[in-house]
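Hello,

I am handing over the structure below. Please read through the notes that follow when you have time.

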Amino acid sequence: MPTIDQNTEYVLKKIRANAGRRGEVTCVSVLVSSFLALIVMMTAPDVTAQSVAASQSDRRAQAPAVAVTSDGSVHAVWFDKGAVGEADRKGEKVKGTHHSHQAFADLHYARWLPAAAGFSDSVRVNPTPGQVWGFSISRPVIAADENDKIHILFPGNATSPESGKAVASSYYTRSTDEGGQFEPPIQLNADPEDDLSALIMGGLAQAQVFGGMAVSPKGVVHAFWLDTRGLTASMRSSLYYRRSDDGGRVFANEVRLRENEQCPCCQVSAVTDGEDSLYVALRQIQGDNIRTPMVMHSADGGNSFAPPVSTGGAPWQLEGCPLKLTAMTTTGSRIHSLVHNGAEQPPGLLYSHAPAPGQAFLPPQKIHPEAAISDSPAMASSGQTLLAVWHAKEEGPRQIFYRFSLNGGDTFLPLQRLDTGEASVGYPAVATAPDGRFVVAWQADEVIQVMYLEAPSEAVAGR
Amino acid sequence: MRRLFGAMMFNIVASVSAWSAGAHDPTLLVPMDRKMLQTELSDSRGQVLLVNLWATWCTPCLREIPDLLALETDFPSAEFRLLAISMDDSYSQEWVTEFKAQHFPTLVSFINAEPDMDLLVSVIDPVWNETLPTSYIFGRDGELVQKIQGKKPKAYFQEQLIAAGLKQ
């Protein structure tokens with residue numbers, strides 16, 4: 001497999017093949033590659049001019065997620081932590097004692113209609129203020145199906161009816177009118193019985209969160225979460241799953257897919273490829289706290305799953321909280337993964353893909369070798385075009401970077417950086433629009449910004 | 001502008017409260033911005049310094065803290081300093097203070113006052129990957145000598161601190 005950073009060489013090879021005159025290759029290569037670089041720069045979008053704010057500037061917003069419906073409307077959700085300068089006293093209004101994993105936020109939603117200049121005013125999705133258990137590393141998930149139903153998965157605060165103590169649970173809600181209204185959230189996990197507060201420390205009795213969700217084109221909803229039921233001192237969570245075959249109206253009973261082997265704070269992610277093919281990414285704890293990113297595949301719409309396979313990378317040993325999610329997307333039969341590995345020097349994101357379901361992932365490559373640190377990956381695809389987005393530091397502050405692949409991950413175009421000005425930025429999310437463009441969202445000084453990105457044409461990329 | 005003003009006021013109040021009340025009082029949890037962290041690092045020169053990043057939502061961190069507190073009895077206070085910084089949301093200062101008082105009443109800790117925890121930690125470690133717990137050992141000359149990620153046993157910290165120049 002060509003490495004990611006062979007993309008420039010790939011373009012030059014194409015040029016050499018077309019030039020056909022060996023003696024002039026070097027000169028022609030330099031001239032044409034400079035010309036190509038100029039064209040790419042000229043066609044790169046003016047991000048500052050094109051990005052729009054989804055959240056209000058006087059509120060603290062974190063962890064955006066986006067989806068796009070068939071008419072091109074952009075739907076965004078994020079955690080709202082309250083007004084700037086407002087003390088976090090929401091917990092006083094929520095049942096249950098204060099505990100060691102406390103977070104009281106709201107889930108806000110806004111939409112950007114195609115003809116509008118920007119987003120609508122945001123609305124709170126969770127009926128009870130402070131109901132959402134939200135951090136940047138425990139993100140909400142939003143997805144749209146081909147009928148333009150909007151599906152949302154989010155983590156929430158709850159009180160165990162068994163122990164009377166605070167727990168964190170996974171909730172699902174949907175909108176059947178393209179974001180006009182959201183149904184009352186459904187708690188996906190069964191109420192946990194055991195009080196594990198002594199094991200978890202500080203009062204949180206159980207956690208059924210760090211979830212992922214994928215929705216098939218026809219609206220089959222696949223929801224996953226990490227679950228502390230059965231947790232022991234080794235602190236390894238189980239993976240649970242529920243499915244709705246009717247667009248999120250009714251869910252089948254929960255199923256425990258993997259028992260006591262998951263990193264308890266590494267959020268699960270999921271993608272579908274058509275109606276039957278479903279992938280779930282998780283981080284499995286192996287041996288002496290080796291945190292290995294793995295992908296599971298179902299070829300029958302979630303009825304059964306093949307054993308998880310590693311996406312590769314150096315073994316990362318850590319008795320701690322990595323807080324790292326694996327980004328995934330599909331092109332053709334390929335499944336692509338992008339995930340942080342703390343064992344790399346410097347620590348950073350590794351990209352890999354498996355050529356087909358059930359096949360091993362190819363040896364991973366650093367997607368941003370120049371970065372001193374890269375993290376928080378997001379990916380989306382359209383046909384054979386793949387977009388990877390993440391935040392990273394090179395020499396200065398954290399910035400958002402992206403790379404396109406026009407050939408399903410064989411090679412990537414040169415690295416590009418979003419021009420986000422002086423803001424403190426991070427935690428990007430991405431979705432595919434019906435016209436093949438991509439919608440990227442990110443945090444900028446705790447304001448959610450959104451913009452379109454368009455892949456350069458094959459001609460521009462030298463294909 | 002309102003956001004900037006709010007952040008400035010918060011940091012001013014935090015700095016004043018730290019100065020007036022005593023940032024090293026274990027009954028307090030003083031908000032720490034980048035400037036205060038730089039001051040604390042500078043003030044710790046002459047001691048071997050262990051900076052520990054923790055959070056209430058990080059169970060391995062909470063399990064590690066008793067061992068870190070035990071190190072304070074192993075080494076003379078003139079030679080060794082433990083500086084803990086909570087990565088919890090600074091707006092949660094009140095209840096994190098309650099939590100710390102209940103579980104670790106003798107721990108001298110600050111709480112991140114920057115809007116993003118990476119902004120604060122960048123003073124020490126520009127390439128921190130936001131994994132907890134993370135600890136840093138500084139020598140007496142103020143130079144960073146060791147970065148430690150994940151919960152480690154007390155004996156491991158003892159070894160590293162001795163390697164950094166401490167005598168038991």
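**Chain B**

Chain B holds 6 helices and 6 strands; helices (H or I, at least four residues) and strands (E, at least two) are DSSP runs, numbered from the N terminus. Their order along the sequence is α-β-α-β-α-β-α-β-α-β-β-α.

This is a predicted model, in which local features need pLDDT of at least 70 and side-chain atom pairs count only at pLDDT 80 or more, while totals for chains, interfaces and linings use all residues. Residues are numbered from 1 along each chain as its sequence is written, and chains are lettered from A and ligands numbered from 1 in the order in which they are written.

Of the 168 residues in chain B, 47% are buried (20 or more other C-beta atoms within 10 Å of the residue's own, with C-beta atoms placed from the backbone). Taking contacts in chain B between residues at least 6 apart in sequence, 72% link residues at least 24 apart; a contact means C-beta atoms, placed from the backbone, within 7 Å.

**Sheet in chain A**

In chain A, 4 strands make an open, antiparallel sheet in the order β18-β19-β20-β21. Its edge strands are β18 (327–331) and β21 (365–366), each pairing on one side only; two strands pair if DSSP finds at least two bridges between them. Strands β19 (residues 334–341) and β20 (residues 348–354) of chain A are joined by 7 bridges in the antiparallel sense. A:I335 has A:A354 in β20(A) as its bridge partner.

**Where the chains meet**

The contact involves 33 residues from chain A and 31 residues from chain B.

Regards

Terms used
Buried ≥ 20, exposed ≤ 12 C-beta atoms within 10 Å, placed from the backbone. Contact = placed C-beta atoms within 7 Å.
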